[in-house]
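Hello,

Here is the structure we talked about handing over.

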Amino acid sequence: MPESINPPEDGETEPVRLPESDLESIEASVRKLLDQSAEQARQLDSLSTAPPPSDSPFGAFGIPGFAGLPPQPAPPEPRPILELEGEEYEDELDSLSDWVDDFLVRVYGAEVTTAAPWCEQWQEHADVVAWLHALWLSYQQHKDPEAGLSGLFVWHRDFLTHAMATVRAAGGPLSACMTDPDRPAHRVLPGPPPSSRNTAATEESEENGEPVQGAG
């Protein structure tokens, strides 16, 4: 406890005297605060002078990346499914099938009729796969918060309606498949043959024993 500081009768105030142990504790606290302040000043100087790394995801906002963390690779750009091959194609088709079966057909799959055919083996129709994959990619884009509150309305208006009308048209790619849910059917309609120019060039090359240009 500090000594009594009652003023003497002559009116002069005596200085406050603290024990040495209290003085040492106060000095240690002050030194600690000064060290912390200096460290914070060094950190602020470093943040204000160091340019943000080019691969930092915060660079566009003027915020430096986190020191010591490796840069995050950018996500792969989506590619049309028909450009994929092998296991990559099969994995993408599996993901597409889950979305079509669990969401698209369950929510938007109108009754199967002659005017709106369907196929339980739609994965065997390359054009249908391409249409539904494009529809799925656009769905992922328009449900993102960055698409705004009207994003899904735009998807319904500009993508869903047109894609489903094309895939399930009476004369579309599934017209030879199931038109009655009680009678499943599957048939891939043949496409048009190659143009006469390419056919003639192929036959001429085969007669001359030359390799056919563009042949796999």
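In H2, Tyr 89, Glu 92, Leu 93, Ser 95, Leu 96, Trp 99, Val 100, Phe 103 and Leu 104 meet Val 129, Leu 132, His 133, Leu 135, Trp 136 and Tyr 139 of H3. Contact means heavy atoms within 4.5 Å. The contact residues divide into 12 nonpolar, 2 polar and 1 charged (Ala, Val, Leu, Ile, Met, Phe, Trp, Tyr, Cys and Pro count as nonpolar, Asp, Glu, Lys and Arg as charged, the others, Gly among them, as polar).

This is a predicted model: local features need pLDDT of at least 70, side-chain atom pairs count only at pLDDT 80 or more, and totals for chains, interfaces and linings use all residues. Numbering starts from 1 along each chain as its sequence is written, and side-chain values use heavy atoms, with hydrogens and water left out.

Helices are DSSP runs (H or I, at least four residues), numbered from the N terminus. The axes of H2 (residues 86-108) and H3 (residues 126-142) come within 10 Å and cross at roughly 75°. Axes are lines fitted to C-alpha atoms over the stretch in contact, with angles from 0 to 180 degrees between N-to-C directions. H2 and H3 are therefore roughly perpendicular (65 to 115 degrees).

His 133 sits in H3. His 133 is buried at 2% relative accessible area (buried means under 20%, 1.4 Å probe, protein chains only). Beyond four places in sequence, His 133 touches Arg 79, Pro 80, Ile 81, Glu 92 and Leu 96.

Best regards

How values were computed. Helices (H or I, at least four residues) and strands (E, at least two) are DSSP runs, numbered from the N terminus. Angles under 35 degrees count as roughly parallel, over 145 as roughly antiparallel, 65 to 115 as roughly perpendicular and the rest as oblique. Buried means under 20% relative accessible area, exposed over 50%, partly exposed in between (1.4 Å probe, protein chains only).
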